[in-house]
Amino acid sequence: MKGFMYILKCSNGHYYVGSTDDLEKRLEQHNSGEGASYTKKHRPVKLVYFEEYQRIDDAFYREQQIKGWTRAKKEALIKNNAELLPSLSKAKVGGW
């Protein structure tokens with residue numbers, strides 16, 4: 001079954017990352033208040049990025065990966081700035 005990983009921008013400016021097998025239907029659910037409890041409280045939401053996969057479990061895996069990213073790294077992905085992703089992945093050392 002085909003799957004999608006998607007990123008929504010909520011009305012409060014935060015990003016929501018999810019996965020689904022029907023992107024159009026899921027977006028409608030989020031905007032109608034039938035989606036996740038977080039997006040229900042921060043409607044309307046806007047689709048800002050998605051990736052398509054041959055299998056829903058691959059989309060879910062990618063969702064879990066991106067959920068752990070910083071806002072800056074998510075924005076680099078959304079803006080198609082792949083060259084920035086490695087530098088945004090490096091752990092900070094010292095300078096606490």
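In which helix does Arg-62 lie? Arg-62 lies in helix 3, which runs over residues 56–67; helices (H or I, at least four residues) and strands (E, at least two) are DSSP runs, numbered from the N terminus.

This is a predicted model, in which local features need pLDDT of at least 70 and side-chain atom pairs count only at pLDDT 80 or more, while totals for chains, interfaces and linings use all residues. Residues are numbered from 1 along each chain as its sequence is written, and side-chain values use heavy atoms, with hydrogens and water left out.

## Overall architecture

The protein chain contains 5 helices and 3 strands, which follow one another in the order β-β-α-α-β-α-α-α. The C-alpha trace spans about 45 × 30 × 20 Å along its principal axes. Of the 96 residues, 36% count as buried; buried means under 20% relative accessible area, exposed over 50%, and partly exposed in between (1.4 Å probe, protein chains only).

Among contacts in the chain with a separation of 6 or more, 54% are made by residues 24 or more positions apart; a contact means heavy atoms within 4.5 Å. The accessible surface amounts to about 6,300 Å², and 52% of that surface belongs to carbon and sulfur atoms. These areas come from the Shrake-Rupley method with a 1.4 Å probe, and for residues only the protein chains shown count as cover.

The chain carries 17 positive and 12 negative charges, whose mean positions are 9 Å apart. Lys and Arg count as positive and Asp and Glu as negative, whereas His and the chain ends are not counted. The place of a charge is taken as NZ of Lys, CZ of Arg, CG of Asp or CD of Glu.

Phe-4 lies in strand 1 and is buried, with a relative accessible area of 10%. Leaving aside neighbours within four places in sequence, the contacts of Phe-4 include Gly-18, Ser-19, Thr-20, Leu-23, Phe-50, Ile-56 and Ala-59. Phe-50 is 46 residues from Phe-4 along the chain, and the C-alpha atoms of the two are separated by 6.6 Å.

The structure holds 2 aromatic pairs. In one of them, the ring centres of Tyr-6 and Tyr-16 are 6.5 Å apart and the planes meet at 40 degrees, so the pair is tilted. Rings of Phe, Tyr and Trp (its six-membered ring) pair if their centres lie within 6.5 Å; planes under 30 degrees apart count as stacked, over 60 as edge-to-face and the rest as tilted. The pair links Tyr-6 in strand 1 (residues 3–9) with Tyr-16 in strand 2 (residues 15–20), 10 residues apart. Both Tyr-6 and Tyr-16 are buried.

Tyr-16 is also touched by Tyr-38, a residue of helix 2.

Arg-62 is buried, with a relative accessible area of 16%. Not counting residues up to four places away in sequence, Arg-62 touches Met-5, Glu-51, Tyr-53, Trp-69 and Leu-77.

Gly-68 is found in the loop between helix 3 and helix 4 and counts as exposed at 63% relative accessibility. Asn-80 occupies the loop between helix 4 (71–78) and helix 5 (85–89) and is likewise exposed, at 65% relative accessibility. Phi of Asn-80 is near 60 degrees, a positive value in a residue other than glycine.

A cis peptide bond, with omega near 0 degrees, joins Arg-43 to Pro-44. Pro-44 belongs to the loop between helix 2 (37–41) and strand 3 (46–53).

## Separations in sequence and in space

The table sets out C-alpha separations for further residue pairs.

| Residue pair | Separation in sequence | C-alpha distance |
|---|---|---|
| Asn-80 and Tyr-49 | 31 residues | 9.5 Å |
| Tyr-38 and Arg-62 | 24 residues | 20 Å |
| Gly-68 and Glu-24 | 44 residues | 25 Å |
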